[in-house]
Amino acid sequence: MLAGALVSPKYLIMASRPDNIVLFTHIAVDRLMKKEFNERNLNIQKVVRTLTLSRTEKQSSAKALITVDKLISSIAEKPLVNTVDVTPGVGDPCSSMWPLPPIHRVCLQRCAMSQKKVNLVTNPYEFEVNGLRVMTMSGENVTELLRTSQKWTGADVLANLVKWQHVAPNCPDTLDAFPMAERDPLVMETTPHIMVCGNQPQAEFRRVPIDGSDSTCLVVCLPKFSKTRVACFLNLKDLSMKWQNFDHQY
């Protein structure tokens, strides 16, 4: 499972593996509204621009799909939400080979009726907001690479991915991947401005210099929200970050 992520034109709120995605959504929307309205820069209709979700656990596959289908369709109907991007994770009804293909619309029938607002996307997934390219991934590639070194942290692995310009160089050795004859879809044709990885043991971030350029890539490791109750607030204007613990506030 990847994460829940709420994106406004100015803020990105991210959490990895929220056990209660409804609670996380309400918390994130509430915080976004407070931030945006306090600064008096945005209209209420533009507060939430993109929401990325993945499957809830602790249920059977059929029940989980029904729950997520109802949840996503209800979120998509809210006036604050412009689009909902649904990324697959391990255990979802799609191939487990990297890159994970989108969940088929027949599995999310309510979402299928909201094609203009609900996008079923791949994992890893790259999107753009405010001219910034953001790449998100569920973290199996990083977890497998961490097994090869006792000194590396998640941020070290992500920094190496930026250096190597490949999302999962351990495919297909320790991570299943689709066989490709001519083109490797996991090769980075362009380096994203922000790279986010979920399901990591600890919260980390680092600015990684991009070879041959004066630019940097901000890499972010998200710990599991279900265990830590920690979410990340990223200011898209200056890429400043703040970690927020919701244990004692909600």
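Select Pro99 to begin: Pro99 sits in the loop between strand 4 (81-86) and helix 3 (109-112). Helices here are DSSP runs of H or I with at least four residues, strands are runs of E with at least two, and both are numbered from the N terminus. Now show the backbone from Trp98 to Pro99, where the peptide bond is cis, with omega near -10°. Before you move on, keep in mind that this is a predicted model, in which local features need pLDDT of at least 70 and side-chain atom pairs count only at pLDDT 80 or more, while totals for chains, interfaces and linings use all residues. Residues are numbered from 1 along each chain as its sequence is written, and side-chain values use heavy atoms, with hydrogens and water left out.

Pro172 belongs to the loop between helix 5 and strand 8. In general, most peptide bonds are trans, and most residues other than glycine have a negative phi.

**Two residues with positive phi**

Stay in that loop and pick Gln165, which lies between helix 5 and strand 8. Gln165 is not a glycine, yet its phi is positive, about 60°. With a relative accessibility of 24%, Gln165 is partly exposed; buried means under 20% relative accessible area, exposed over 50%, and partly exposed in between (1.4 Å probe, protein chains only).

Next, jump to Asn199 in strand 8. Its phi is also positive, near 60°, in a residue other than glycine. Is Asn199 buried or exposed? Asn199 is buried, at 14% relative accessible area.

Among the buried ones are Asp156, Leu158, Asn160 and Val162. What do the buried residues of helix 5 pack against? Show strand 7 (132-137), helix 4, strand 8 (194-200), strand 9 (204-209) and strand 10 (216-223), and you have the partners. Contact here means heavy atoms within 4.5 Å.

Rings of Phe, Tyr and Trp (its six-membered ring) pair if their centres lie within 6.5 Å; planes under 30 degrees apart count as stacked, over 60 as edge-to-face and the rest as tilted. Trp152 is partly exposed at 30% relative accessible area, and Trp164 is partly exposed at 39%.

By the pairing rule, there are two aromatic pairs. For the other, select Tyr125 and Phe127, which are stacked at 5.6 Å centre to centre with 25° between the planes. Tyr125 and Phe127 are both buried.

**Into the cores**

Show side chains for Trp98, Met137, Leu158 and Met195: these have the most contacts inside the largest nonpolar core, which has 26 residues. A nonpolar core is a set of buried Ala, Val, Leu, Ile, Met, Phe, Trp, Tyr and Cys residues joined through side-chain atoms within 4.5 Å. Which element gives the largest share of this core? Helix 5 does, with five residues.

Zoom in on Met195. Leaving out residues up to four places away in sequence, Met195 touches Met135, Met137, Leu158, Val162, Met188, Cys217, Leu218, Val219 and Val220. Then switch to a second, separate core of 16 residues, which includes Phe127, Leu132, Ile194 and Leu239.

**Zooming out**

Finally, show the whole chain, with its six helices and twelve strands. Of its 250 residues, 52% count as buried. Among contacts with a separation of 6 or more, 60% come from residues 24 or more positions apart.
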